[in-house]
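Dear colleague,

I am passing on the structure we spoke about, and my notes on it follow below. Please keep it open beside you as you read.

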Amino acid sequence: MSFSKIIATGSYLPTGVVTNYDLAKMVDTSHDWIYSRTGIEQRHIAHSDETTCDLAEQAVYAAMESGRFDATDIDLIVVATTTADQVFPSTACILQERLGIRNSPAFDVQAVCAGFLYAIDIADKFIRTNCANRALVIGAETFSRIIDWTDRTTCVLFGDGAGVVVLEASGTPGIHSTHLRANGAYKDLLSVPVGVSRNFDQVINGSAYTQMQGGEVFKIAVKCMEQIAVEALEANEAAVDQVDWMIPHQANTRIITATAKRLGIPMEKVIVTINQHGNTSAASIPLALDTAVRDGRIKTGDTILIEGFGGGFTWGSAFLTF
Ligand code: UT7
């Protein structure tokens, strides 16, 4: 049987940085409020002519520096994004053309902040069923484009960026398990309630903005992330102390610490990048993974528990050997 294994990671952050102090000049907020309520100190924001595909492309080039794959080796591209460059073609197709890859399947996945977990689940299944050998799995966002920069309840939270993992067929896992969930009953608690077939004029005039009932989202996120992480551990008959690293979606340090505490995972084993990146939606997990690989914390053979939660609601986990 084939498994999939991560052979390379990469990420890219736009050069523009907006600190909490910058935001305090724009809306009625303060560094202390943002930092104490969320753990965020700064976020990267794409330049006005920089797109989600631009960020994804740079993340792939960063992964290519590993020398472990070439664009021509890639036979599947899955891009998790909520902020696609165009209505169509998909960001994955635009990226495929830029990388000079021909004829591989390429498509986008939309599961907001849980998108990367959905993407990795799909790519893993392609590889396990011998439908692909080497896949680019990307989370990329220009979330700043769907933020109302006059709304202090949302604009302090989000940032832009991209991260990628390259999955390759392997005789041994790799990815041991993935678990995905969704519950559309919560669709109104976190949304951009306009789109192509509904109130498109708001998209055209640039007022398609993220709305969130933060407190409600917070409570449900902690519960769902704990449940899905427990499912991952049980499916692998793994004890909590077998986990070398937990990589949670980076939405709020208080959500991350609450989940880690409920699971009994010490914070020294939790990768936290939200202070530097903010919430980059589908990009947050691969950005955190690449950060910890590059700074030497995550090493080959480490056991990693990944978990994410986002609009929909959607949520999921992955349990893997790096
Ligand atoms: O990535 C997808 C999943 N997303 C999440 O998981 C986000 C989940 N939610 C959260 O992280 C938190 O709920 C927030 C960080 C969004 C908000 O934190 P909170 O502790 O739940 O604050 P709150 O919404 O209850 O607001 C408390 C107070 C309010 O004032 P009053 O009504 O008590 O007078 C807000 O108006 O803080 C006020 N407030 C702010 N004050 C200064 C809200 N935003 C700000 C702000 N600066 N930026």
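In this predicted model, the cover over the buried residues of helix α9 includes α8 (214–235), β11 (245–248) and β12 (303–310). Those buried residues, within a helix that spans residues 253–263, are Ile255, Ile256, Thr259, Ala260 and Leu263. They lie on the same side of α9, because the arc they cover around the axis is only 125 degrees. At the start of α9, the backbone nitrogen of Arg254 has a side-chain oxygen of Asn252 within 2.7 Å, and just after the helix Gly264 adopts a positive phi of about 80 degrees.

The whole structure holds 12 salt bridges. Among them is the pair Asp290 and Arg294, whose closest N and O atoms are 2.8 Å apart; these residues are four apart in helix α11 (residues 284–294) and so are separated by about one helical turn. Asp290 counts as buried at 1% relative accessibility, whereas Arg294, at 47%, counts as partly exposed.

Finally, Val87, Phe88, Val196, Phe200, Val203 and Ile204 make a nonpolar surface patch of about 630 Å². Of these, Val196 sits in the loop between β9 (190–191) and α7 (200–204) and is exposed, with a relative accessible area of 54%.

Technical notes
Residues numbered from 1 in each chain as written. Predicted model: local features only at pLDDT ≥ 70, side-chain atom pairs only at ≥ 80, totals over all residues. Heavy atoms only, no water. Buried < 20%, exposed > 50% of the residue type's maximum accessible area, 1.4 Å probe, protein only. Helix = DSSP H or I, 4+ residues; strand = E, 2+ residues; numbered from the N terminus. Arc of directions from axis to C-beta. Contact = heavy atoms within 4.5 Å. Polar contact = N/O pair within 3.5 Å; in protein donor to acceptor, adjacent residues only side chain to side chain. Patch = residues over 30% accessible without salt bridge, like charges linked within 9 Å, V, L, I, M, F, W, Y side chains within 5 Å. Areas by Shrake-Rupley, 256 points an atom, 1.4 Å probe, with all protein chains shown as cover. Salt bridge = Lys/Arg side-chain N within 4 Å of Asp/Glu carboxyl O.
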